[in-house]
Amino acid sequence: MTVKLKRNLIRLFLFFTMLAFTLLFLFFAGSAVKKEREAGISHVNRLADGIVNEIQQGTVPTKQNLYYYAEKFRVWICLWDGQEEKAGPEFFRTPVSDLTNQIRAGSGMRTAEETVSSSRRTSRQSRTTHLLTGRNSETYYGLQIHIYGTGTGDHDLIFLYLCTPIRDILWADCRLYPLLWLLIFAVMYGMSRFLIRKALLPVEASIKSQKEFIAAASHELKAPLSVIQANAEAMEPAGDEQRKQTVILEECGRMADLLGSLLTLAATDTGSFRIRQRETDMDTLLIETWEAFLPAFRKKGIFLELDTGEKCFPKVFCDGERIGQVLRILLDNALDHSPAGSSVLLKASLQTARKENFFVCSVIDHGSGIPVEYRERVFERFFCGDASHTDRNHFGLGLSIAKEIMERHQGSVALSDTPGGGCTFQFLLPL
(Lines give C-alpha, C1' and ligand atoms only; values in the text may rest on other atoms or scores of the structure.)
Protein backbone atom coordinates (compact mmCIF):
# COMPACT_ATOMS: atom_id res chain seq x y z
CA MET A 1 0.00 0.00 0.00
CA THR A 2 2.81 2.39 0.87
CA VAL A 3 4.42 1.72 -2.52
CA LYS A 4 1.23 2.75 -4.31
CA LEU A 5 0.82 5.76 -2.01
CA LYS A 6 4.41 6.82 -2.62
CA ARG A 7 3.98 6.43 -6.38
CA ASN A 8 0.75 8.45 -6.39
CA LEU A 9 2.25 11.23 -4.26
CA ILE A 10 5.27 11.47 -6.57
CA ARG A 11 2.96 11.70 -9.59
CA LEU A 12 0.85 14.41 -7.98
CA PHE A 13 3.94 16.37 -6.91
CA LEU A 14 5.49 16.17 -10.37
CA PHE A 15 2.20 16.97 -12.12
CA PHE A 16 1.50 20.19 -10.24
CA THR A 17 5.14 21.27 -10.08
CA MET A 18 5.81 20.76 -13.77
CA LEU A 19 2.43 22.27 -14.64
CA ALA A 20 3.52 25.44 -12.83
CA PHE A 21 6.88 25.49 -14.64
CA THR A 22 5.19 24.77 -17.99
CA LEU A 23 2.79 27.69 -17.52
CA LEU A 24 5.75 29.88 -16.52
CA PHE A 25 7.69 28.89 -19.66
CA LEU A 26 4.62 29.50 -21.82
CA PHE A 27 4.28 32.96 -20.26
CA PHE A 28 7.92 33.73 -21.03
CA ALA A 29 7.54 32.41 -24.58
CA GLY A 30 4.40 34.49 -25.10
CA SER A 31 6.16 37.55 -23.73
CA ALA A 32 9.08 36.98 -26.12
CA VAL A 33 6.73 36.72 -29.11
CA LYS A 34 4.79 39.82 -28.04
CA LYS A 35 7.97 41.82 -27.44
CA GLU A 36 9.40 40.87 -30.84
CA ARG A 37 6.16 41.70 -32.65
CA GLU A 38 5.80 45.03 -30.86
CA ALA A 39 9.41 45.90 -31.69
CA GLY A 40 8.76 45.27 -35.40
CA ILE A 41 5.56 47.32 -35.41
CA SER A 42 7.27 50.15 -33.51
CA HIS A 43 10.07 50.00 -36.07
CA VAL A 44 7.59 50.56 -38.94
CA ASN A 45 5.74 53.34 -37.12
CA ARG A 46 8.96 55.28 -36.43
CA LEU A 47 9.84 55.06 -40.12
CA ALA A 48 6.31 56.17 -41.07
CA ASP A 49 6.41 59.12 -38.64
CA GLY A 50 9.71 60.29 -40.14
CA ILE A 51 8.39 60.21 -43.72
CA VAL A 52 5.09 61.88 -42.71
CA ASN A 53 7.04 64.62 -40.95
CA GLU A 54 9.11 65.24 -44.11
CA ILE A 55 5.95 65.52 -46.23
CA GLN A 56 4.32 67.91 -43.74
CA GLN A 57 7.45 70.04 -43.86
CA GLY A 58 7.11 70.25 -47.63
CA THR A 59 9.83 67.75 -48.56
CA VAL A 60 8.47 64.85 -50.54
CA PRO A 61 10.78 61.80 -50.55
CA THR A 62 12.14 60.85 -53.95
CA LYS A 63 12.00 57.36 -55.40
CA GLN A 64 15.67 56.90 -54.47
CA ASN A 65 14.86 57.86 -50.87
CA LEU A 66 12.01 55.33 -50.75
CA TYR A 67 14.33 52.63 -52.07
CA TYR A 68 16.88 53.52 -49.43
CA TYR A 69 14.34 53.42 -46.59
CA ALA A 70 12.77 50.21 -47.87
CA GLU A 71 16.05 48.32 -48.18
CA LYS A 72 17.40 49.59 -44.88
CA PHE A 73 14.29 48.75 -42.85
CA ARG A 74 13.04 45.81 -44.98
CA VAL A 75 9.68 47.55 -45.35
CA TRP A 76 7.75 47.96 -48.59
CA ILE A 77 6.72 51.61 -49.05
CA CYS A 78 4.30 53.11 -51.55
CA LEU A 79 3.77 56.89 -51.87
CA TRP A 80 1.07 58.40 -54.09
CA ASP A 81 0.70 62.18 -54.43
CA GLY A 82 -2.32 62.18 -56.70
CA GLN A 83 -0.24 62.20 -59.87
CA GLU A 84 2.60 59.76 -59.45
CA GLU A 85 3.04 56.55 -57.50
CA LYS A 86 6.44 55.75 -56.03
CA ALA A 87 7.16 52.34 -54.50
CA GLY A 88 10.15 50.60 -52.97
CA PRO A 89 11.40 47.11 -53.82
CA GLU A 90 9.35 44.02 -52.91
CA PHE A 91 10.79 41.50 -50.44
CA PHE A 92 7.83 39.23 -49.79
CA ARG A 93 6.63 35.82 -51.01
CA THR A 94 3.09 37.13 -51.39
CA PRO A 95 2.66 39.72 -54.18
CA VAL A 96 2.36 43.23 -52.79
CA SER A 97 -0.71 43.83 -54.94
CA ASP A 98 -2.61 41.15 -52.98
CA LEU A 99 -1.68 42.77 -49.69
CA THR A 100 -2.49 46.32 -50.76
CA ASN A 101 -5.84 45.18 -52.09
CA GLN A 102 -6.59 43.70 -48.63
CA ILE A 103 -5.68 47.02 -47.02
CA ARG A 104 -7.85 49.06 -49.38
CA ALA A 105 -10.72 46.63 -48.76
CA GLY A 106 -10.33 47.14 -45.01
CA SER A 107 -9.31 43.53 -44.28
CA GLY A 108 -7.64 42.78 -40.98
CA MET A 109 -8.11 46.33 -39.64
CA ARG A 110 -6.98 46.70 -36.04
CA THR A 111 -7.01 50.49 -35.38
CA ALA A 112 -8.15 53.66 -37.12
CA GLU A 113 -7.37 57.19 -36.00
CA GLU A 114 -7.29 60.74 -37.34
CA THR A 115 -4.93 63.50 -36.13
CA VAL A 116 -4.18 67.15 -36.92
CA SER A 117 -0.62 68.42 -37.25
CA SER A 118 0.41 70.55 -34.28
CA SER A 119 2.64 72.76 -36.45
CA ARG A 120 0.15 73.25 -39.29
CA ARG A 121 -3.51 73.22 -38.40
CA THR A 122 -4.51 72.81 -42.04
CA SER A 123 -2.60 69.51 -42.24
CA ARG A 124 -4.31 66.38 -40.92
CA GLN A 125 -3.84 62.68 -41.36
CA SER A 126 -5.87 59.48 -40.97
CA ARG A 127 -4.11 56.28 -40.10
CA THR A 128 -5.27 52.66 -40.14
CA THR A 129 -3.34 49.55 -39.09
CA HIS A 130 -3.92 46.03 -40.42
CA LEU A 131 -2.79 42.49 -39.75
CA LEU A 132 -2.80 40.61 -43.05
CA THR A 133 -2.35 36.97 -44.03
CA GLY A 134 -0.23 36.05 -47.04
CA ARG A 135 -0.60 33.19 -49.47
CA ASN A 136 1.70 30.98 -47.36
CA SER A 137 -0.06 31.81 -44.07
CA GLU A 138 2.63 34.33 -43.14
CA THR A 139 1.54 37.46 -41.22
CA TYR A 140 2.10 41.04 -42.40
CA TYR A 141 1.70 44.33 -40.60
CA GLY A 142 0.10 46.95 -42.83
CA LEU A 143 -0.06 50.70 -42.23
CA GLN A 144 -2.07 53.07 -44.42
CA ILE A 145 -1.78 56.85 -43.95
CA HIS A 146 -3.74 59.61 -45.76
CA ILE A 147 -2.19 63.09 -45.44
CA TYR A 148 -4.37 66.09 -46.31
CA GLY A 149 -3.76 69.85 -46.53
CA THR A 150 0.01 69.99 -46.99
CA GLY A 151 1.80 72.50 -49.16
CA THR A 152 2.56 69.76 -51.69
CA GLY A 153 -1.00 68.43 -51.89
CA ASP A 154 -2.62 65.26 -50.55
CA HIS A 155 -0.60 62.06 -50.19
CA ASP A 156 -1.31 58.38 -49.59
CA LEU A 157 1.25 56.16 -47.88
CA ILE A 158 1.22 52.39 -47.49
CA PHE A 159 3.77 50.46 -45.45
CA LEU A 160 4.04 46.64 -45.42
CA TYR A 161 6.19 44.71 -42.96
CA LEU A 162 6.64 40.91 -42.73
CA CYS A 163 6.17 39.89 -39.09
CA THR A 164 8.76 37.44 -37.80
CA PRO A 165 7.21 33.93 -37.69
CA ILE A 166 6.46 32.64 -34.20
CA ARG A 167 8.61 29.55 -34.72
CA ASP A 168 11.62 31.76 -35.57
CA ILE A 169 11.05 33.90 -32.47
CA LEU A 170 10.77 30.80 -30.30
CA TRP A 171 13.87 29.27 -31.83
CA ALA A 172 15.87 32.47 -31.29
CA ASP A 173 14.72 33.26 -27.75
CA CYS A 174 13.29 30.04 -26.26
CA ARG A 175 15.18 27.11 -27.77
CA LEU A 176 16.73 26.23 -24.42
CA TYR A 177 13.35 26.01 -22.67
CA PRO A 178 12.74 22.28 -23.46
CA LEU A 179 16.18 21.33 -22.11
CA LEU A 180 15.59 23.47 -19.04
CA TRP A 181 12.17 21.82 -18.56
CA LEU A 182 13.74 18.35 -18.71
CA LEU A 183 16.46 19.40 -16.26
CA ILE A 184 13.87 20.76 -13.82
CA PHE A 185 11.80 17.58 -14.23
CA ALA A 186 14.82 15.43 -13.33
CA VAL A 187 15.61 17.59 -10.30
CA MET A 188 11.97 17.64 -9.13
CA TYR A 189 11.68 13.87 -9.61
CA GLY A 190 14.73 13.26 -7.44
CA MET A 191 13.54 15.74 -4.82
CA SER A 192 10.04 14.25 -4.74
CA ARG A 193 11.35 10.72 -4.24
CA PHE A 194 13.65 11.86 -1.42
CA LEU A 195 11.15 14.10 0.38
CA ILE A 196 8.18 11.75 0.07
CA ARG A 197 10.25 8.77 1.21
CA LYS A 198 11.34 10.73 4.29
CA ALA A 199 7.79 11.92 4.98
CA LEU A 200 6.34 8.41 4.74
CA LEU A 201 8.89 6.72 7.01
CA PRO A 202 6.67 7.08 10.14
CA VAL A 203 3.65 5.86 8.17
CA GLU A 204 5.54 2.85 6.85
CA ALA A 205 6.78 2.02 10.34
CA SER A 206 3.24 2.23 11.72
CA ILE A 207 1.79 0.08 8.95
CA LYS A 208 4.59 -2.46 9.33
CA SER A 209 3.97 -2.77 13.07
CA GLN A 210 0.23 -3.22 12.44
CA LYS A 211 0.87 -5.96 9.87
CA GLU A 212 3.28 -7.73 12.19
CA PHE A 213 0.77 -7.50 15.04
CA ILE A 214 -2.06 -8.95 12.91
CA ALA A 215 0.17 -11.77 11.68
CA ALA A 216 1.47 -12.57 15.17
CA ALA A 217 -1.95 -12.33 16.82
CA SER A 218 -3.58 -14.49 14.14
CA HIS A 219 -0.85 -17.10 14.49
CA GLU A 220 -0.97 -17.14 18.30
CA LEU A 221 -4.78 -17.43 18.35
CA LYS A 222 -4.71 -20.60 16.24
CA ALA A 223 -3.35 -22.75 19.07
CA PRO A 224 -5.94 -21.93 21.79
CA LEU A 225 -8.69 -22.04 19.19
CA SER A 226 -7.63 -25.55 18.16
CA VAL A 227 -7.64 -26.62 21.82
CA ILE A 228 -11.14 -25.19 22.37
CA GLN A 229 -12.45 -26.88 19.23
CA ALA A 230 -10.84 -30.24 20.09
CA ASN A 231 -12.25 -30.23 23.62
CA ALA A 232 -15.70 -29.19 22.40
CA GLU A 233 -15.71 -32.08 19.92
CA ALA A 234 -14.63 -34.51 22.66
CA MET A 235 -17.56 -33.60 24.88
CA GLU A 236 -20.61 -35.89 24.95
CA PRO A 237 -23.34 -33.54 26.10
CA ALA A 238 -27.05 -34.28 26.14
CA GLY A 239 -30.14 -32.12 25.87
CA ASP A 240 -29.55 -28.36 26.06
CA GLU A 241 -25.82 -28.87 26.50
CA GLN A 242 -25.66 -30.39 23.03
CA ARG A 243 -27.05 -27.18 21.53
CA LYS A 244 -24.36 -25.21 23.35
CA GLN A 245 -21.70 -27.55 21.94
CA THR A 246 -23.02 -26.94 18.43
CA VAL A 247 -22.81 -23.15 18.95
CA ILE A 248 -19.24 -23.47 20.25
CA LEU A 249 -18.15 -25.53 17.24
CA GLU A 250 -19.84 -23.14 14.80
CA GLU A 251 -18.13 -20.14 16.36
CA CYS A 252 -14.81 -21.99 16.34
CA GLY A 253 -15.28 -22.64 12.64
CA ARG A 254 -16.03 -18.97 11.99
CA MET A 255 -13.01 -17.96 14.04
CA ALA A 256 -10.80 -20.41 12.14
CA ASP A 257 -11.97 -18.98 8.81
CA LEU A 258 -11.27 -15.44 9.99
CA LEU A 259 -7.79 -16.34 11.23
CA GLY A 260 -7.04 -18.12 7.97
CA SER A 261 -8.04 -15.03 5.98
CA LEU A 262 -6.03 -12.73 8.25
CA LEU A 263 -2.96 -14.93 7.91
CA THR A 264 -3.31 -14.95 4.12
CA LEU A 265 -3.54 -11.14 3.96
CA ALA A 266 -0.69 -10.78 6.45
CA ALA A 267 1.43 -12.99 4.20
CA THR A 268 0.68 -10.77 1.19
CA ASP A 269 1.59 -7.65 3.19
CA THR A 270 4.87 -9.01 4.54
CA GLY A 271 5.92 -10.49 1.20
CA SER A 272 5.83 -14.11 2.37
CA PHE A 273 2.80 -14.94 0.23
CA ARG A 274 4.07 -17.36 -2.40
CA ILE A 275 2.54 -18.46 -5.68
CA ARG A 276 3.69 -21.98 -6.61
CA GLN A 277 3.02 -22.16 -10.30
CA ARG A 278 2.82 -25.43 -12.14
CA GLU A 279 0.74 -26.97 -14.90
CA THR A 280 -2.85 -27.16 -13.71
CA ASP A 281 -5.70 -29.08 -15.32
CA MET A 282 -8.47 -26.45 -15.27
CA ASP A 283 -11.19 -28.97 -16.25
CA THR A 284 -10.40 -31.09 -13.19
CA LEU A 285 -10.20 -28.01 -10.93
CA LEU A 286 -13.60 -26.73 -12.10
CA ILE A 287 -15.35 -30.09 -11.77
CA GLU A 288 -13.89 -30.80 -8.31
CA THR A 289 -14.90 -27.35 -7.03
CA TRP A 290 -18.39 -27.69 -8.54
CA GLU A 291 -18.89 -31.11 -6.94
CA ALA A 292 -17.64 -29.85 -3.57
CA PHE A 293 -20.25 -27.06 -3.51
CA LEU A 294 -23.19 -29.08 -4.86
CA PRO A 295 -24.41 -30.35 -1.43
CA ALA A 296 -24.41 -26.84 0.10
CA PHE A 297 -26.33 -25.41 -2.84
CA ARG A 298 -28.85 -28.27 -2.84
CA LYS A 299 -29.40 -27.84 0.91
CA LYS A 300 -30.38 -24.21 0.31
CA GLY A 301 -32.53 -25.06 -2.71
CA ILE A 302 -30.27 -23.37 -5.28
CA PHE A 303 -29.43 -25.00 -8.61
CA LEU A 304 -25.67 -24.87 -9.34
CA GLU A 305 -24.77 -25.27 -13.02
CA LEU A 306 -21.38 -25.88 -14.63
CA ASP A 307 -20.72 -24.74 -18.20
CA THR A 308 -17.27 -25.52 -19.61
CA GLY A 309 -18.25 -25.80 -23.26
CA GLU A 310 -17.61 -28.81 -25.42
CA LYS A 311 -13.81 -28.59 -25.65
CA CYS A 312 -11.27 -29.39 -22.99
CA PHE A 313 -9.19 -26.49 -21.68
CA PRO A 314 -5.42 -26.48 -22.09
CA LYS A 315 -3.36 -26.84 -18.96
CA VAL A 316 -2.61 -23.48 -17.37
CA PHE A 317 0.64 -22.59 -15.64
CA CYS A 318 -0.63 -21.30 -12.28
CA ASP A 319 -1.05 -22.09 -8.59
CA GLY A 320 -4.03 -24.44 -8.79
CA GLU A 321 -4.63 -24.34 -5.05
CA ARG A 322 -4.87 -20.53 -5.03
CA ILE A 323 -7.07 -20.39 -8.13
CA GLY A 324 -9.31 -22.98 -6.45
CA GLN A 325 -9.42 -20.65 -3.43
CA VAL A 326 -10.66 -17.83 -5.68
CA LEU A 327 -13.37 -20.10 -7.07
CA ARG A 328 -14.44 -21.09 -3.57
CA ILE A 329 -14.63 -17.45 -2.46
CA LEU A 330 -16.82 -16.47 -5.43
CA LEU A 331 -19.09 -19.51 -5.09
CA ASP A 332 -19.42 -18.98 -1.35
CA ASN A 333 -20.54 -15.38 -1.95
CA ALA A 334 -23.05 -16.54 -4.56
CA LEU A 335 -24.37 -19.21 -2.17
CA ASP A 336 -24.97 -16.71 0.66
CA HIS A 337 -26.57 -14.01 -1.49
CA SER A 338 -28.81 -16.11 -3.74
CA PRO A 339 -32.39 -16.85 -2.74
CA ALA A 340 -33.83 -20.36 -2.65
CA GLY A 341 -35.19 -21.47 -6.02
CA SER A 342 -32.69 -19.43 -8.02
CA SER A 343 -29.72 -20.69 -10.01
CA VAL A 344 -25.98 -20.00 -10.05
CA LEU A 345 -23.85 -20.63 -13.11
CA LEU A 346 -20.14 -21.48 -12.99
CA LYS A 347 -18.95 -20.78 -16.52
CA ALA A 348 -15.50 -21.04 -18.08
CA SER A 349 -14.15 -20.15 -21.53
CA LEU A 350 -11.08 -18.96 -23.42
CA GLN A 351 -10.85 -15.40 -24.69
CA THR A 352 -8.35 -13.26 -26.57
CA ALA A 353 -7.81 -9.63 -25.62
CA ARG A 354 -4.96 -7.26 -26.46
CA LYS A 355 -3.24 -10.04 -28.44
CA GLU A 356 -3.11 -12.23 -25.33
CA ASN A 357 -5.05 -15.39 -24.47
CA PHE A 358 -6.95 -15.67 -21.18
CA PHE A 359 -8.73 -18.35 -19.23
CA VAL A 360 -11.97 -16.67 -18.15
CA CYS A 361 -14.15 -17.96 -15.35
CA SER A 362 -17.46 -16.41 -14.27
CA VAL A 363 -19.76 -17.00 -11.31
CA ILE A 364 -23.20 -15.71 -12.30
CA ASP A 365 -25.93 -15.43 -9.69
CA HIS A 366 -29.45 -13.99 -9.63
CA GLY A 367 -29.48 -12.68 -6.10
CA SER A 368 -30.06 -9.24 -4.63
CA GLY A 369 -27.08 -7.68 -6.40
CA ILE A 370 -24.73 -4.99 -5.12
CA PRO A 371 -25.75 -1.29 -5.03
CA VAL A 372 -23.87 1.00 -7.41
CA GLU A 373 -22.38 3.06 -4.57
CA TYR A 374 -20.65 -0.07 -3.19
CA ARG A 375 -19.18 -1.34 -6.48
CA GLU A 376 -15.90 0.56 -6.04
CA ARG A 377 -15.34 -0.87 -2.55
CA VAL A 378 -16.31 -4.53 -2.75
CA PHE A 379 -12.65 -5.58 -3.09
CA GLU A 380 -11.53 -3.54 -0.08
CA ARG A 381 -10.55 -5.32 3.11
CA PHE A 382 -13.25 -5.64 5.79
CA PHE A 383 -15.83 -3.94 3.58
CA CYS A 384 -19.32 -5.37 3.92
CA GLY A 385 -22.43 -4.10 2.20
CA ASP A 386 -24.15 -4.78 5.52
CA ALA A 387 -22.86 -1.83 7.56
CA SER A 388 -24.40 -3.24 10.74
CA HIS A 389 -22.45 -6.53 10.31
CA THR A 390 -25.50 -8.61 11.15
CA ASP A 391 -24.31 -11.15 8.56
CA ARG A 392 -21.92 -13.18 10.70
CA ASN A 393 -20.82 -15.47 7.85
CA HIS A 394 -18.72 -12.84 6.11
CA PHE A 395 -15.89 -10.66 7.37
CA GLY A 396 -15.28 -8.64 4.18
CA LEU A 397 -11.96 -10.37 3.43
CA GLY A 398 -12.79 -12.96 0.76
CA LEU A 399 -12.92 -10.69 -2.28
CA SER A 400 -9.79 -8.80 -1.21
CA ILE A 401 -7.96 -12.15 -0.98
CA ALA A 402 -9.27 -13.14 -4.42
CA LYS A 403 -8.00 -9.85 -5.85
CA GLU A 404 -4.55 -10.36 -4.30
CA ILE A 405 -4.31 -13.88 -5.71
CA MET A 406 -5.30 -12.78 -9.23
CA GLU A 407 -2.89 -9.86 -9.20
CA ARG A 408 -0.06 -12.23 -8.23
CA HIS A 409 -1.00 -14.25 -11.33
CA GLN A 410 -0.92 -11.08 -13.50
CA GLY A 411 -4.68 -11.46 -13.89
CA SER A 412 -7.73 -9.58 -12.66
CA VAL A 413 -11.13 -10.02 -11.09
CA ALA A 414 -14.12 -7.80 -11.82
CA LEU A 415 -17.76 -7.31 -10.93
CA SER A 416 -20.67 -6.63 -13.31
CA ASP A 417 -24.46 -6.85 -13.32
CA THR A 418 -26.27 -10.03 -14.25
CA PRO A 419 -29.04 -9.38 -16.80
CA GLY A 420 -32.32 -9.63 -14.94
CA GLY A 421 -30.71 -8.96 -11.54
CA GLY A 422 -27.83 -10.29 -9.51
CA CYS A 423 -24.04 -10.16 -9.78
CA THR A 424 -21.45 -11.64 -12.08
CA PHE A 425 -17.91 -12.02 -10.75
CA GLN A 426 -15.37 -12.81 -13.45
CA PHE A 427 -11.64 -13.44 -13.24
CA LEU A 428 -9.15 -13.48 -16.10
CA LEU A 429 -6.06 -15.67 -15.90
CA PRO A 430 -3.35 -15.23 -18.57
CA LEU A 431 -2.43 -18.46 -20.30
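1. Let's start with D98: at 23% relative accessibility, this residue counts as partly exposed. The model is a predicted one, in which local features need pLDDT of at least 70 and side-chain atom pairs count only at pLDDT 80 or more, while totals for chains, interfaces and linings use all residues. Residues are numbered from 1 along each chain as its sequence is written, and side-chain values use heavy atoms, with hydrogens and water left out.

2. Which residue forms a salt bridge with D98? The partner is R135, and the closest N and O atoms of the two are 2.6 Å apart. A salt bridge here is a side-chain nitrogen of Lys or Arg within 4 Å of a carboxyl oxygen of Asp or Glu. The pair links distant parts of the chain, with D98 in helix α3 and R135 in the loop between β4 and β5 (139-150), 37 residues apart. Helices (H or I, at least four residues) and strands (E, at least two) are DSSP runs, numbered from the N terminus. R135 itself is exposed, with a relative accessible area of 60%.

3. T94 sits in the loop between β2 (85-87) and α3 (96-104), and T94 is buried, with a relative accessible area of 1%. From T94 to R135 the C-alpha to C-alpha distance is 5.7 Å, although 41 residues separate them in sequence. Contact means heavy atoms within 4.5 Å. Once neighbours within four places in sequence are set aside, T94 is in contact with L99, G134, R135, N136, E138 and Y140.

4. The structure holds three salt bridges, and another of them joins D49 and R127, whose closest N and O atoms are 3.0 Å apart. D49 lies in helix α1 and R127 in strand β4 (residues 124-133), so the pair ties together parts that are 78 residues apart in sequence. Are the two partners buried or exposed? R127 counts as buried at 11% relative accessibility, whereas D49, at 40%, counts as partly exposed.

5. R124 and E114 also form a salt bridge, with 2.9 Å between the closest N and O atoms. This pair links distant parts of the chain too: R124 is in strand β4 and E114 in strand β3 (residues 109-116), ten residues apart. E114 counts as exposed at 54% relative accessibility, while R124 is partly exposed, with a relative accessible area of 34%.

6. Now for the surface charge. Which residues form the positive surface patch? They are K4, R7, R11 and K403. Patches are made of residues with over 30% relative accessible area and no salt bridge, with like charges joined within 9 Å and nonpolar side chains (Val, Leu, Ile, Met, Phe, Trp, Tyr) within 5 Å. Helix α1 (residues 2-56) gives the most to this patch, with three residues. R7 has its place in helix α1 and is partly exposed, with a relative accessible area of 39%.

7. K6 is also placed in helix α1. K6 is partly exposed, its relative accessible area being 22%. Not counting residues up to four places away in sequence, K6 touches I196, R197, L200 and E204.

8. T289 counts as buried at 6% relative accessibility. Leaving aside neighbours within four places in sequence, the contacts of T289 are L327, R328 and L331.

9. Finally, the chain as a whole. How many helices and strands does the protein chain have? Its secondary structure comes to nine helices and 13 strands. Of its 431 residues, 36% count as buried. Among contacts in the protein chain with a separation of 6 or more, 63% come from residues 24 or more positions apart. The accessible surface comes to about 25,400 Å², and 56% of it belongs to carbon and sulfur atoms. Accessible areas come from the Shrake-Rupley method with a 1.4 Å probe, and for residues only the protein chains shown count as cover.

Note on methods. Lys, Arg positive; Asp, Glu negative; His and termini not counted. Charge placed at Lys NZ, Arg CZ, Asp CG, Glu CD. Buried < 20%, exposed > 50% of the residue type's maximum accessible area, 1.4 Å probe, protein only.
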